[in-house]
Amino acid sequence: MSKPKVGVFGFTGCGGCQLEILNLEDQLLDLISAVDIVHFTEAITEHSDNYEIALVEGSVSTEHGVERIKKIGNIAKIIVAVGACAVSGGLNCLKNLYGTERAMELVYGDKKDWIDSIEVKPIDQYIKVDYYARGCPPNRFEIVDIVRSLIVGRKPEIPNYPVCVECKRNGNTCVYEFGMTCMGPVSRAGCNSRCPNSGSGCEACRGVIDDPNVNAQKDLLARYGLTVEDIMEGFNLYNACNKVPTVENKNN
Amino acid sequence: MLYKVMDKNVYQDFIKALISNYEFIGPARKDRSVHDFVPIKNISELDTNYMRTTIPPAKKLLFYPTEKLVNYEVGKSIDVKPVVESKERILFGINAWDINGMNFLDELFTTDFIDENYISKRKNLMVIGMDSQPTETNFSPSMGADYAKSGFDIYLTELKDKYFIRIGTARGNEIIQKYAEVRNATAEDFKDYDKYLDDYRMKFKLNVDIKNFYDNFELIYNNEEFWKKVAKDCYSCGSCNLVCPTCFCFNIKDDMELNLKEGNKIREWDSCMIPEYGLVAGGHNFRPNKENRLKQRYRCKLKTFIDKFGKYSCVGCGRCIETCLAKINIAEDINSVKREVSV
């Protein structure tokens with residue numbers, strides 16, 4: 001069996017997701033002996049357009065990016081979106097809240113015409129994505145699990161339950177008890193409850209679960225003196241591109 | 001059961017001897033209002049005056065949140081080796097309802113199938129019980145779990161100037177003989193203990209009317225409106241399961257190394273409250289709604305194991321009530337079943 005050829009590509013983002021793959025240290029040698037890496041923006045100078053699996057980080061925010069992502073979509077058989085920016089648009093989507101024109105003016109002033117910038121979108125707005133390695137940064141062990149699952153032909157197990165599950169497995173005291181707020185009850189796990197483990201609330205970097213109880217979260221935040229707008233802001237940090245589930249009529 | 005008494009002034013020496021001779025796990029302050037059972041190296045770290053721990057101590061020590069079950073190697077044949085971890089430890093300061101929760105797990109993990117991973121740890125765990133102060137969500141007297149009849153090697157009860165000691169096993173007796181200075185309990189000591197128990201029971205404020213629940217539940221079982229109301233705010237976050245001393249469900253995952261030659265099967269705590277729990281191949285979900293799931297949880301806690309073991313799988317510790325951000329309250333809900341039925 002020949003080794004699958006993998007490309008690791010970067011779009012708009014901080015580049016930290018590629019760094020997470022490089023941070024695999026103990027597993028990196030095993031990873032490169034299991035697959036053939038033909039492109040890795042942050043790690044190798046070689047480049048080939050012959051690959052089956054594409055790991056893509058970053059969101060699409062330039063015309064040039066649209067061309068590149070479409071080309072990757074045409075070549076790769078399997079696309080994995082890696083990290084919040086690729087999966088949901090991530091922090092970059094905050095730009096959309098201002099509108100591209102206004103954001104360009106704010107950042108680049110009278111030089112704004114020098115810059116190629118369009119509305120930010122996650123990669124699945126341009127190409128079909130097969131798997132999502134969520135999070136900011138993504139869980140590097142989950143990236144390994146996805147690659148390994150693809151090699152052995154199994155569906156990767158990506159949690160669709162709230163962060164509370166992992167948080168309780170870790171024996172944490174709920175951060176609400178310390179008067180903090182947390183998006184954990186409606187946010188996807190898979191991060192091993194990284195933020196609550198170190199005493200801060202979850203900010204939903206992996207997005208919301210499929211069936212979040214938004215009404216309950218509204219009631220909960222209200223008990224802590226917060227409003228619907230605060231909830232939306234809580235989601236917006238990483239999920240401004242997404243249609244955030246709206247608060248239904250409470251009596252429903 | 002042997003009954004002994006230890007003077008207060010020798011208690012510290014007894015604990016110090018245990019700490020220096022065993023791997024000693026006991027309660028230590030974690031956050032403002034929460035304790036956790038952790039390895040204790042020095043008696044100053046130990047704080048037996050606790051009310052709450054997020055995770056039940058026995059469950060945490062005997063049934064790990066994530067645990068390797070087997071290791072396998074794939075060569076010409078597949079070589080599978082069990083991974084069973086076990087070492088001698090003392091669990092000190094566990095209270096009665098958590099001992100009763102552990103007794104349930106003991107029965108569960110040795111009925112139908114002997115779970116080596118659990119039971120090998122359990123055999124090596126010496127249990128020294130002690131009462132702790134109940135929280136306001138604790139209803140263990142209603143569940144008959146505020147007093148431990150068995151499951152411990154030694155149970156210490158702090159009276160005014162002495163400890164009343166119940167010794168439940170030969171192993172417990174050996175430890176007492178080796179490390180503690182004790183005398184036989186006299187009639188006077190028994191009277192003091194009796195008075196203590198009466199006073200202790202008065203500290204539990206939450207009462208639950210569970211007596212007719214087993215039968216009443218049938219009447220409420222198909223009342224969709226009732227369950228929708230009860231489960232309305234449920235996040236399906238599983239917190240209630242994960243902090244429960246008797247919830248035992250787990251999921252097994254394959255963790256294959258990248259070399260594709262070896263790997264482990266790993267189990268981790270699962271939860272019947274998350275939607276995926278009832279999902280099977282082909283996409284059918286047996287319990288697609290949160291009200292189905294909550295109803296099933298109540299049945300498992302309060303009915304299923306009456307049929308199977310003759311006991312509830314709820315000890316009334318109140319952890320699920322404390323942990324639930326949606327304020328779902330099993331004690332209130334048991335009482336509302338009673339109210340619905342008696343109207």
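How many cavities of 30 Å³ or more does this structure hold? The count comes to eight. Keep in mind as you read that this is a predicted model.

**The largest cavity**

- Rolling a probe the size of a water molecule over the atoms shows where empty space is left.
- For the largest cavity, the volume is about 170 Å³.
- Its lining is made up of 17 residues. Lying nearest the centre are Cys234(B), Cys240(B), Met273(B), Cys324(B) and Ile328(B).
- By class, 12 residues of this lining are nonpolar, four are polar and one is charged.
- Three helices of chain B each supply at least two lining residues: helix 9 (239–242), helix 10 (290–309) and helix 11 (319–323).
- Helix 10 of chain B has the largest share of the lining, at three residues.

- The size of an interface is often given as the accessible area lost when the parts come together.
- Here the area buried between chain A and chain B is about 3000 Å², and carbon and sulfur atoms give 55% of that area.
- Arg148(A), Lys168(A) and Arg169(A) supply 22% of the area that chain A buries against chain B, more than any other three residues.
- In terms of contacts, 33 residues of chain A touch 35 residues of chain B.
- There are 14 residue pairs in polar contact between the two chains, counting pairs with both residues at pLDDT 80 or more.
- On the side of chain A that touches chain B, the elements giving two or more residues are helix 2 (28–34), helix 7 (140–152), helix 8 (163–169) and helix 10 (214–223) of chain A.
- Helix 10 of chain A gives the most to that side, with five residues.

**Salt bridges**

- Side chains of opposite charge can pair when their charged atoms come close.
- Over all chains, the structure holds 38 salt bridges, and the count between chain A and chain B is four.
- Arg169(A) forms a salt bridge with Glu268(B), with 3.6 Å between the closest N and O atoms.
- Within chain A, Lys112(A) and Glu101(A) meet through their side chains in a salt bridge of 3.3 Å, N to O. Lys112(A) sits in the loop between helix 6 (100–108) and strand 5 (131–133) of chain A, while Glu101(A) is in helix 6 of chain A, so the pair ties together parts that are 11 residues apart in sequence.
- Asp145(A) and Arg154(A) also form a salt bridge, and their closest N and O atoms are 3.3 Å apart.

**Backbone details to look at in chain A**

- Most residues other than glycine have a negative phi, and most peptide bonds are trans.
- The peptide bond from Cys136(A) to Pro137(A) is cis, with omega near -5°. You will find Pro137(A) in the loop between strand 5 and helix 7 of chain A.
- Glu25(A), a residue other than glycine, has a positive phi, near 30°. Glu25(A) belongs to the loop between helix 1 (16–22) and helix 2 of chain A.

Note on methods
Residues are numbered from 1 along each chain as its sequence is written. Chains are lettered from A and ligands numbered from 1 in the order in which they are written. This is a predicted model: local features need pLDDT of at least 70, side-chain atom pairs count only at pLDDT 80 or more; totals for chains, interfaces and linings use all residues. Side-chain values use heavy atoms; hydrogens and water are left out. On a 1 Å grid over the protein atoms alone, a cavity is a set of points where a 1.4 Å probe fits but cannot get out, and a pocket is an open set with protein on both sides within 12 Å along at least five of seven lines; lining residues have an atom within 4 Å of a point. Grid points are joined across faces, edges and corners, and a volume is the space filled by probe spheres set on the points. Helices (H or I, at least four residues) and strands (E, at least two) are DSSP runs, numbered from the N terminus. Ala, Val, Leu, Ile, Met, Phe, Trp, Tyr, Cys and Pro count as nonpolar, Asp, Glu, Lys and Arg as charged, and the others, Gly among them, as polar. Contact means heavy atoms within 4.5 Å. Buried area is the accessible area (1.4 Å probe) that two parts lose on being put together, summed over both. A polar contact is a pair of N or O atoms within 3.5 Å; within protein, one must be able to donate a hydrogen and the other to accept it, and residues adjacent in sequence count only if both atoms are side-chain atoms.
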